[in-house]
Amino acid sequence: MDWDAIRLSLTLAGWTLAILLPIGIALARWLATSHFSGRSWIEGLLALPLVLPPTVLGYYLLVAMGGSSSVGQWFQAITGTTLAFSFTGLVLASLLFNLPFAVQPVQRALEAIDPDVREAALCCGMTTWQTLLRVELPLAWPGVLSAAVLTFAHTLGEFGVVLMVGGNIPGETRTVALAIYDRAQSFDQVAAGRMSLLLLTLSFVTIAVSYGLSDRLLRRRRRR
Amino acid sequence: MSLLVHVRHDRPPLNLRLEIPEGAITSVVGPSGSGKTSTLRAIAGLWAPSSGRVAFGQQVWYDTANGIRLAPRDRSIGVVPQRYALFPHLTALGNVEAALLHLPRATRRAQAEAALTRAHVAGLEGRYPHELSGGQQQRVAVARAIVREPRVLLLDEPFSSVDRSTRKHLYAELKRLHGELGCTVMLVTHDLDEAALLSSYLCLIRRGRLVQAGPTQGVLARPESAEAARLLDHANIFRAVVSGHDWDRRQTVLDWHGIRLVTPLDDRFAPGQRMDWVINHTEVTPADASGPASGDNLVRATIRDIVTLGDDLHVRLAPGAAPAFTLHMKVSRHAVPHQAVAPGLPLTVRLTPSAIVTMTPGDDTETGDRHPE
């Protein structure tokens, strides 16, 4: 069992969730409440990681973060380290490839709120921020929960982008998915099997708990 | 301190100028799609028309010429939406408290409870919206709208989702609340009876334009145009030519397709000019029922058809001199002998002279003359 890789995967998933969830909610709210030309292009761009081969996304991110790119050079000038093949680079890549998982469930949940309710909040004297916190998020909570679970579980299991952007540096960028691949390549079936089972259990429990909570919330709302 | 509203927009088409008098209940009445709700939303700050101005006394809430657009929370308004839009995840008390976030938490509850008591829903504080009846939901929505003590209360068809008996109670509640609060109320409705019962000022709008505005009884009694008369649900709208004025009897004499009609004096029109006229169907009566068939405004007609609704007969008549047109009469079925009214029978009716309202001629399509049935 590669505990370093497990710890790294959980840390990466935690950071991704902490940073991406607020960004996802903000983007979802903007898309759910705005009508402008070009909205479908932006939605398409956000959904791109769902259909793009992870290696393609990883390749472009590697190029963008590399020492010859302006972003890579800027990061190196500030921190003294490269963005590619670093944990920070991995977090950045993770934020991008998880965007659809963080945005879409929240957007659908916010779109389901009666626009009259949103307007009633404004007429009650609430600011946009208060409307979001006191009316929209409590009503869109199942969508937010789904977004959090999908983002967390997807980060734990992502392989292609992580390999392209992070390489396979133990303790720095080797996640549990890469560790399983390594052990399988080395014919260490016992370790690969244990880690796969752990990942399977973790993913299943997380998704089952989120579905259960969502179901309970929806049933309570239907009763209302 | 009246509420002045001037909105112009292309889609939906709006070009409306309203003055809502202070402290009164003003009804804005019009058919679906006439721009009633858009106007209300523009006043509330929920929608920005492409140009216009909304001002309450000296306070300018919206003015495209000067780049002013106050947020809804900065306008002294309370809104009761058509379907109430209560927050489904909050109790009745929570819904009302949600309008008091500007106050310290400790004082919110007392004020919210007072508003619920005022709206006659005390005792239901802990119930969620789905646990309330339509009338109770409406009262909670009213409590939420008035708890901030707004100067202007905007009601968007607030009685459309409740049954008839509840509606009557709610009418009384609104009148009582208005008496207590004294705020300016704008009631958007398509129900003329509701507007007549509740409001002291009436605005008729159609296709985004103001058709007529004024004190309710005045507008109901004297539509200024055929368009207004149609909005007031009149069926007897016709066009005639002025024959002359009888200054002694203070009457105007009309020629309606060869039929001589006298109306109250209207010297805005010179002899020979065309004008529209309207009469309520209850003011068309069988001549025999009101005495011998002689005198003014007698019209010989043939009964086209009859519909009995409750105790009333709704009779459609084809005037002998103008058979292409339809004259509508509503009369109690006890007021006429049963055998005297049947389709195809002749009937002489009298049009009450004082009940004929003369109007400026509008588009031809607005008059009953152009739409014979």
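Mentor: Two strands count as paired if DSSP finds at least two bridges between them. In this predicted model, strand 17 (residues 298-309) and strand 20 (residues 346-351) of chain B pair over 5 bridges, in the antiparallel sense.

Trainee: Which residue stands opposite Ala301(B) in strand 20 of chain B?

Mentor: Leu347(B) does.

Trainee: In what order do the strands of that open sheet of chain B come?

Mentor: First the general idea. Strands of a sheet pair through backbone hydrogen bonds, either parallel or antiparallel. In this case 5 strands of chain B are arranged as 16-20-17-18-19, with antiparallel pairing, and the sheet is open. Strand 16 (284-286) and strand 19 (327-332) of chain B are at the edges; each has a single partner strand, so one side of each is left without a neighbour in the sheet. Ignoring direction, neighbouring strands of this sheet are turned by 50° against each other on average.

Trainee: How many residues lie between strand 4 and strand 5 of chain B in their hairpin?

Mentor: There are 2, and Gly57(B) in the turn has a positive phi of about 60°. The two strands run antiparallel and are joined by 4 bridges, with Tyr62(B) in strand 5 of chain B as the bridge partner of Val54(B). Strand 5 (residues 59-63) also pairs with strand 6 (residues 68-69) of chain B, antiparallel, over 2 bridges. Asp63(B) is bridged to Ile68(B) in strand 6 of chain B. The hairpin of strands 5 and 6 of chain B has 4 residues between the strands, and Gly67(B) takes a positive phi near 65°.

Trainee: Does Phe56(B) count as buried or exposed?

Mentor: The reading is a neighbour count: 20 or more other C-beta atoms within 10 Å make a residue buried. Phe56(B) has 21 C-beta neighbours inside 10 Å, so Phe56(B) counts as buried. Phe56(B) is part of strand 4 (residues 51-56) of chain B. Apart from neighbours within four places in sequence, Phe56(B) is in contact with Met1(B), Leu3(B), Trp61(B), Ser76(B), Arg151(B) and Val152(B). Between Phe56(B) and Arg75(B), 19 residues apart in sequence, the C-alpha to C-alpha distance is 9.0 Å.

Trainee: What share of the 373 residues of chain B counts as buried?

Mentor: The share is 42%. Among contacts in chain B with a separation of 6 or more, 65% come from residues 24 or more positions apart.

Trainee: Which residues touch the most other members of the largest nonpolar core?

Mentor: In this core of 149 residues they are Val165(A), Val96(B), Ala143(B), Leu154(B) and Met186(B). Helix 1 (residues 3-33) of chain A gives the most to the core, 10 residues. Domain 1 (3-226) and domain 2 (227-370) of chain B both contribute residues, so the core lies between them. Beyond four places in sequence, the residues touched by Val165(A) include Gly89(A), Leu90(A) and Ala93(A).

Trainee: Which residues of helix 5 of chain A are buried?

Mentor: An α-helix has 3.6 residues a turn, so residues three or four places apart point the same way. In helix 5 (residues 87-97) of chain A, the buried residues are Gly89(A), Leu90(A), Leu92(A), Ala93(A), Ser94(A) and Phe97(A). Among the elements that cover them are helix 1, helix 2 (39-51) and helix 3 (54-65) of chain A.

Trainee: How far apart do the C-alpha centres of the two domains of chain B lie?

Mentor: They lie 38 Å apart. The contact takes 13 residues from domain 1 and 17 residues from domain 2 of chain B. On the domain 1 side, strand 10 (201-206) and strand 11 (209-215) of chain B are the elements giving two or more residues. By class, that side has 7 nonpolar, 3 polar and 3 charged residues.

Notes
Residues numbered from 1 in each chain as written. Chains lettered and ligands numbered in written order. Predicted model: local features only at pLDDT ≥ 70, side-chain atom pairs only at ≥ 80, totals over all residues. Buried ≥ 20, exposed ≤ 12 C-beta atoms within 10 Å, placed from the backbone. Contact = placed C-beta atoms within 7 Å. Core = buried A, V, L, I, M, F, W, Y, C linked by C-beta atoms within 7 Å. Domains from an automatic or database assignment. Axes fitted to C-alpha atoms, helices over the stretch in contact; angles between N-to-C directions. Nonpolar A, V, L, I, M, F, W, Y, C, P; charged D, E, K, R; others polar.
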